[in-house]
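The sequence and structure come first.

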Amino acid sequence: MPADKRPGDEVIGGTINRTGAFRFRATRVGAETALAQIIKLVEDAQTSKAPIQALADRVAGNFILAVHALALVVFLFWFFVGYHFWFDADTRLILTPYSLENLEVFGFALLISVTVLVISCPCAVGLATPAAMMAGTGKAAEYGILFKGATAVEALAKIGVVVLDKTGTLTRGEPSLTDVVAASSTRTDRPSGLSANATLGSQRSFSADELLRLAASAEKNSEHPLAQAIVRAARERGLNLAEPQSFDSIPGHGIEANVEGRSVVLGNRRLISDRGIDLGPLAGEAERLEAEGKTAMFIGVDGAVAGLVGVSDTLKETSARAVSELKGLGLEVAMITGDNDRTARSVAAQLGIERVLADVLPQDKASEVQRLQAEGKAVAMVGDGVNDAPALAQADVGIAIGSGTDVAKETGDVILIRDDVLDAAAAIQVARATMRLVRQNLLWAFGYNSAAIPLAAGVLYPFFSQIVSPELAALLMATSSFSVTMNTLRMRGYRPPVKRGPPPAAPEPARREVRTPVEARS
């Protein structure tokens with residue numbers, strides 16, 4: 001979302017200056033630049049510990065004590081019992097020509113107990129999780145996905161619900177004006193590229209151009225994308241905008257301003273109703289626009305409804321596919337927006353989203369996420385704006401779009417460098433692949449020890465008169481760590497399914513309807 005900058009304000013590298021020119025001084029270089037911070041995020045993620053790693057560390061710590069105790073028990077067993085019952089003078093070390101015919105009871109028991117100590121491999125247990133996390137976060141970074149820590153990887157793999165913010169996440173965040181509807185008793189001229197309609201309902205008649213000029217003048221100092229769409233359309237029409245004498249932004253509702261001595265209110269139904277303005281026949285016109293997925297904003301002038309404008313934000317090319325991919329992962333997908341329910345459901349229908357959280361004020365987004373969590377669901381929130389930051393923090397995993405605000409990126413647990421919501425699906429796929437690798441590594445490490453330690457302890461000696469030598473035990477121990485490492489390296493060839501093959505055709509943009517103006521009817 002664009003922000004006004006004045007002398008003394010800070011801008012970051014890559015900031016786009018939309019109007020005018022300015023001089024700036026570099027205050028952050030080297031390790032403080034955005035690139036250096038990205039590198040640091042990757043390094044921190046690779047060295048951080050996931051909750052499952054803490055469990056593995058505790059198991060490995062107790063495992064060492066258990067193995068020492070087991071080695072002592074093995075020594076005592078073969079010293080007092082096993083040697084006298086099963087020792088065979090033809091005893092040999094496995095895979096060697098050496099015989100143990102001259103070995104006495106103490107040496108025999110000590111050999112087996114030392115072999116138990118050598119063959120046990122806590123190294124593989126301790127290596128299993130960090131190796132997989134390092135490989136997974138590194139692979140994610142290759143696709144422009146930055147995890148802030150191993151905890152985020154594990155949490156994202158367990159997500160059950162993904163909440164997608166609409167504006168700037170599913171849409172381009174660059175809405176355009178599509179309709180100007182003046183409440184007038186006379187025929188209005190149709191602005192180029194826009195539709196105009198005439199209906200009754202205002203004590204003061206405004207043409208489409210007059211109405212657009214008033215609305216754009218009122219919104220002139222607003223940074224909201226919808227406001228910029230109105231201002232941009234007015235300037236494209238060559239309309240001279242006035243400087244508002246006063247301006248008040250009402251988050252989630254609209255604005256109030258004083259333009260050329262007129263009191264102008266521009267916003268949603270709630271704002272207009274709160275100001276005691278009757279919508280009249282324009283309510284039906286607004287419903288038609290909202291059914292088309294457009295955002296309808298009413299314009300009140302001097303206490304009476306003067307008309308409305310329709311604004312449409314184009315969906316990103318990959319939004320529909322992203323929703324489909326998320327559903328394919330078995331996830332519930334919800335869309336959250338401050339738009340009214342009718343507009344929100346129209347957009348959601350284009351994307352195949354069933355659960356819609358509409359009419360949500362910026363300060364209430366976190367509460368909606370909390371409500372989903374109260375249902376026992378692990379929630380990931382995907383957003384890009386300042387007003388998404390509380391929801392990103394509340395969610396089990398916050399996923400911030402890289403093109404969004406610094407506040408959102410600071411709050412998110414995962415940062416998508418590219419402005420592509422499809423990368424949210426890729427992030428979940430990488431997280432799941434990483435946790436699958438962790439489980440495989442742990443299974444191999446514990447499986448190896450479960451099989452190797454009894455073998456070293458001599459459980460097969462009474463049947464074959466052969467034991468494992470300490471040298472072979474050392475080789476097997478190294479082989480265990482080597483196998484975990486090689487299994488981890490398979491991640492180098494991993495490619496998220498959403499990144500495989502050519503993407504499907506992009507969805508058609510929202511239709512822009514141009515209607516012939518009609519006479520006002522009484």
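At 33% relative accessibility, Asp 341 counts as partly exposed; the term covers values between buried, under 20% relative accessible area, and exposed, over 50% (1.4 Å probe, protein chains only). Arg 345 is likewise partly exposed, at 41%. The side chains of Asp 341 and Arg 345 form a salt bridge of 3.1 Å, N to O, a salt bridge being a side-chain nitrogen of Lys or Arg within 4 Å of a carboxyl oxygen of Asp or Glu. The two residues are four apart in helix 12, so about one helical turn separates them. An α-helix has 3.6 residues a turn, so residues three or four places apart point the same way.

This is a predicted model, in which local features need pLDDT of at least 70 and side-chain atom pairs count only at pLDDT 80 or more, while totals for chains, interfaces and linings use all residues. Residues are numbered from 1 along each chain as its sequence is written, and side-chain values use heavy atoms, with hydrogens and water left out.

Helix 12 spans residues 341-351, and its buried residues are Thr 343, Ala 344, Ser 346, Val 347, Ala 348 and Leu 351. Helices (H or I, at least four residues) and strands (E, at least two) are DSSP runs, numbered from the N terminus. The elements that cover these buried residues include helix 10 (282-291), helix 11 (319-328) and strand 9.

At the start of helix 12, a side-chain oxygen of Asn 340 comes within 3.1 Å of the backbone nitrogen of Arg 342. Gly 352 follows the helix and has a positive phi, near 80°.

## Other salt bridges

The whole structure has 29 salt bridges. One of them joins Lys 365 and Asp 165 at 2.9 Å, N to O. This pair links distant parts of the chain, with Lys 365 in helix 13 (residues 365-374) and Asp 165 in strand 3 (residues 161-165), 200 residues apart. Lys 365 is buried, at 4% relative accessible area, and Asp 165 is buried at 4%.

Asp 423 and Lys 499 also meet in a salt bridge, at 2.6 Å, N to O. Asp 423 lies in helix 16 and Lys 499 in the segment after helix 18 (470-489), 76 residues apart. Asp 423 is buried at 0% relative accessibility, and Lys 499 is buried at 14%. A network of salt bridges links Asp 179, Glu 285, Arg 288, Glu 292 and Lys 294.

## Strand 9

Seven of the seven residues of strand 9 (residues 295-301) are buried, so the strand is largely enclosed by the rest of the structure. Thr 295, Met 297, Ile 299 and Val 301 point one way, and Ala 296, Phe 298 and Gly 300 the other.

Strand 9 pairs with strand 8 (residues 262-267) in the antiparallel sense over four bridges; strands pair if DSSP finds at least two bridges between them. Seven bridges join strand 9 to strand 10 (residues 304-312), also antiparallel. Gly 300 is the bridge partner of Val 265, and Val 305 in strand 10 is the bridge partner of Gly 300.

## Nonpolar cores

The largest nonpolar core has 87 residues, and those touching the most other members are Ile 145, Phe 147, Leu 156, Val 162, Leu 164 and Val 414. Helix 16 (residues 422-457) gives the most to this core, with 19 residues. A second, separate core of 31 residues includes Leu 211 and Val 311. Such a core is a set of buried Ala, Val, Leu, Ile, Met, Phe, Trp, Tyr and Cys residues joined through side-chain atoms within 4.5 Å.

Notes: Contact means heavy atoms within 4.5 Å. A polar contact is a pair of N or O atoms within 3.5 Å; within protein, one must be able to donate a hydrogen and the other to accept it, and residues adjacent in sequence count only if both atoms are side-chain atoms.
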